[in-house]
Amino acid sequence: MDLKNKGFFDEEGLQKSNRFPKNRGFIISSDAFIGLTVLAFLILVSLSYVAQVNIDSWNNIDLINSARDLSTVLEKNLVFENAIKQQSSELIQQNINESLQSICFEARIYSSTDLNTPILGALKADCTKSFSELVSVERTIIVNDSNVSFYVAKMEAWYK
Amino acid sequence: MNNKGQFFSPDLLIAISIFLVILGFFFYSSNSVFSQIDFFEIKKDADEVSHSTMNILVYSPGVPFNWEEKSLADTNLFGLALNRNVISQEKLVALITDLNNSYSQTKSKLGFGRYDFKLQLLDLNGSVLYTSYLDSNNTKLEIIYERTVLFNEQIAVLRGVVGLEK
């Protein structure tokens, strides 16, 4: 049987159904699409884990050290004691304002008999109480005036 | 023989191209991630050494307590404190002199074997009162550690600058 003459082959002898196959493969087949989707998902998940690595893991310790340092220095420089004697927060405010630039501080002084209501307080200028991480340290202040009194200085610190 | 299978069909070329692009992306991103992990490790180590050393400098008088009167070889541990957070001028000057004159030896005794270290004392206006010399041309990153201290009855800032070398 002459198939060429019956239309099954063209002039070059190619079978017509092979030359223009109707079920030809797609560039992105369904399988490849699913595979790529799973791959992209895995990449995103792994990248999200990498992004969670915190390079500033010492931030909290830095904050605690800074708050401890400032409260120690203010105590040893008699700032807390003089502020209590003068019943004025101005001295504390002045010193806190000149502290490390990147950190906000708030100092409050309580009488040892009432730890709920501060008798003095100072918040560093240009700071608001907005933070993701806050540390708090306390020191006991002894004021020797006519009689010995005990106070507690509470210093809070957070990053600007 | 015209309909014989080809070694490189258009589909195969496209598939190989996509595969190579994905492979290239993986190599690029993995190199970036590895270099970031290396940097994290170095910074973590520098952080540990720096925090430990700065704590000792600010809290301890050193070992022996009068190390500033002794030679560098007789100094076991540097410390600058007369008492907690109160810095001795004599100890500070002695340490800065040691850093300027015998940098490598002093740096090693401080614990900064792999890293560069510069010590400064600043007043609250940011003016440098004392500083050691450090050639920062070879450092690619400087990490600053600041501690609030009392110096000559004035509040000051003790700054340690740790340099990660290129």
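What is the order of the four strands in the open sheet of chain A? The order is 2-1-4-3, with antiparallel pairing; two strands pair if DSSP finds at least two bridges between them, and strands (E, at least two residues) and helices (H or I, at least four) are DSSP runs numbered from the N terminus. Strand 2 and strand 3 of chain A stand at the edges with a single partner strand each, so one side of each has no neighbour in the sheet.

A quick word on the source: this is a predicted model, where local features need pLDDT of at least 70, side-chain atom pairs count only at pLDDT 80 or more, and totals for chains, interfaces and linings use all residues. Residues are numbered from 1 along each chain as its sequence is written, while chains are lettered from A and ligands numbered from 1 in the order in which they are written.

Back to the sheet: strand 1 and strand 2 of chain A form a hairpin with two residues between them, and six bridges join the two. Here are two of the bridge partners:

| Residue | Bridge partner in strand 2 of chain A |
|---|---|
| Arg108(A) | Gly121(A) |
| Tyr110(A) | Pro118(A) |

Now for helix 4 of chain A (residues 79-86). Its buried residues (20 or more other C-beta atoms within 10 Å of their own, with C-beta atoms placed from the backbone) are Val79(A), Phe80(A), Glu81(A), Ala83(A) and Ile84(A). Gln87(A) follows helix 4 of chain A and has a positive phi, near 50°.

Over in chain B, Ile14(B) sits in helix 1 (residues 10-59). Ile14(B) and Arg159(B) are 145 residues apart in sequence and 58 Å apart in space, C-alpha to C-alpha.

Technical notes
A residue is buried if 20 or more other C-beta atoms lie within 10 Å of its own, exposed if 12 or fewer, and partly exposed in between; C-beta atoms are placed from the backbone.
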